[in-house]
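Me: I have some questions about what the terms used for this model rest on. Please set each value against its definition.

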Amino acid sequence: MSDVTIFAPSPTLTVTVEDHPQGAEIHVHAGGQGVWQARMLRRLGVTVTMCCVLTGEVGRVLRHLLEDDEGLTVVAVERDGRGSAYVHDRREGRRVAVAEEEGDALGRHVLDDLYGAVLRTGTDSRVVILSGPAGDDALPADIYRRLALDLRGDGRIVVADLSGERLAAVLEGHADVIKVSHEELIADGLAADSSVEALAQAMRELRDRGARTVIVTRAGESLLLLDDEGLVEVSLPRLEEKEHRGAGDSLTAGVVAGLARGDTAREAITLGAAAGAVNVTRHGLGTGDPDAILRLREGVAVRELDDAGSRPAGRVSPDGLAALAEPADEGPTEKEPADEEETR
């Protein structure tokens with residue numbers, strides 16, 4: 001039994017070419033949203049089972065990478081065909097796509113087998129993450145509604161990091177925790193603009209539609225969290241960005257790591273914010289030094305906002321860390337918000 005089960009329908013084989021003083025340096029890894037989440041969870045000491053479909057030659061390589069390199073328990077449906085993969089060239093200091101393949105869509109029988117695998121493993125885990133596929137056409141969105149409905153309960157927490165039709169589906173399935181970016185809310189027509197007031201209104205709508213806790217990331221600014229107790233903003237010092245891809249998935253993983261250990265959502269968001277911030281300082285997606293994450297967590301502020309998205313004077317959430325409290329005889333310390341760019 002693992003602490004966390006991840007529904008990752010179609011992981012991706014990633015091949016990246018980097019510059020090296022003696023020539024090209026080629027890196028081969030497993031990738032995709034569920035993989036990046038799992039990688040950060042393992043960095044934080046959480047055991048993970050990944051339920052996925054492994055396709056053809058790409059799938060055979062991915063199994064080795066997931067089990068041996070990532071340390072995951074893999075429950076996979078194997079099939080023939082074209083798997084998800086890409087080749088990127090970064091030798092000029094920017095990412096150039098040489099070849100990208102989303103892979104074949106998942107057929108009905110494969111989906112039935114995958115669904116059964118998630119139910120078998122997910123019922124033994126404290127938290128289940130529903131992550132997205134490699135391509136929009138890989139599988140029908142309704143599977144997320146069904147999984148959310150079937151996996152909730154018995155103290156189990158269902159977390160989803162999705163947008164569009166898949167977000168609508170997990171809301172209908174009443175997923176416990178929804179994480180979404182402000183760009184996705186605007187693109188889906190749920191928020192009029194990027195103002196805190198507009199985002200807060202969209203978050204309340206998501207709760208009305210079934211989610212218990214809603215987390216919204218805002219690129220370069222503090223996070224927002226809405227739960228039964230109300231709305232809070234979450235901020236931490238800004239770090240120099242090296243690679244923004246994977247930061248949102250690392251944030252989700254940090255939140256899930258906290259929830260798996262019994263934290264409340266407001267406690268878990270501090271670990272998620274730190275994990276996402278540390279990830280932007282590294283090339284590796286879903287990576288980060290666990291000690292650095294825990295130290296950075298001490299500088300995360302959780303402050304209450306009113307219904308209009310304003311901060312009431314003099315109010316700091318009791319779930320904010322004690323390290324943030326300023327002595328009465330000292331002046332305020334400048335703290336910049338984290339760079340919270342998304343992966344999608």
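Me: Which residue in S3 is the bridge partner of Thr16?

Reply: The bridge partner of Thr16 in S3 is His27. This is a predicted model, where local features need pLDDT of at least 70, side-chain atom pairs count only at pLDDT 80 or more, and totals for chains, interfaces and linings use all residues. Residues are numbered from 1 along each chain as its sequence is written, and side-chain values use heavy atoms, without hydrogens and water.

Me: Why are S3 and S7 called edge strands?

Reply: The open sheet has four strands in the order S3-S2-S6-S7, with mixed pairing. Strand S3 (23-31) and strand S7 (96-101) each pair on one side only, and they are the edge strands.

Me: What makes a space a pocket, and what lines the largest pocket here?

Reply: On a 1 Å grid over the protein atoms alone, a pocket is an open set of points with protein on both sides within 12 Å along at least five of seven lines; lining residues have an atom within 4 Å of a point. There are 32 lining residues in the largest pocket, and Thr12, Gly32, Pro133, Ala134 and Gly135 are the closest to its centre. Helix H1 (33-43), strand S6 (85-89) and S7 each give two or more residues to this lining, and H1 gives the most, with four.

Technical notes
Two strands pair if DSSP finds at least two bridges between them. On a 1 Å grid over the protein atoms alone, a cavity is a set of points where a 1.4 Å probe fits but cannot get out, and a pocket is an open set with protein on both sides within 12 Å along at least five of seven lines; lining residues have an atom within 4 Å of a point.
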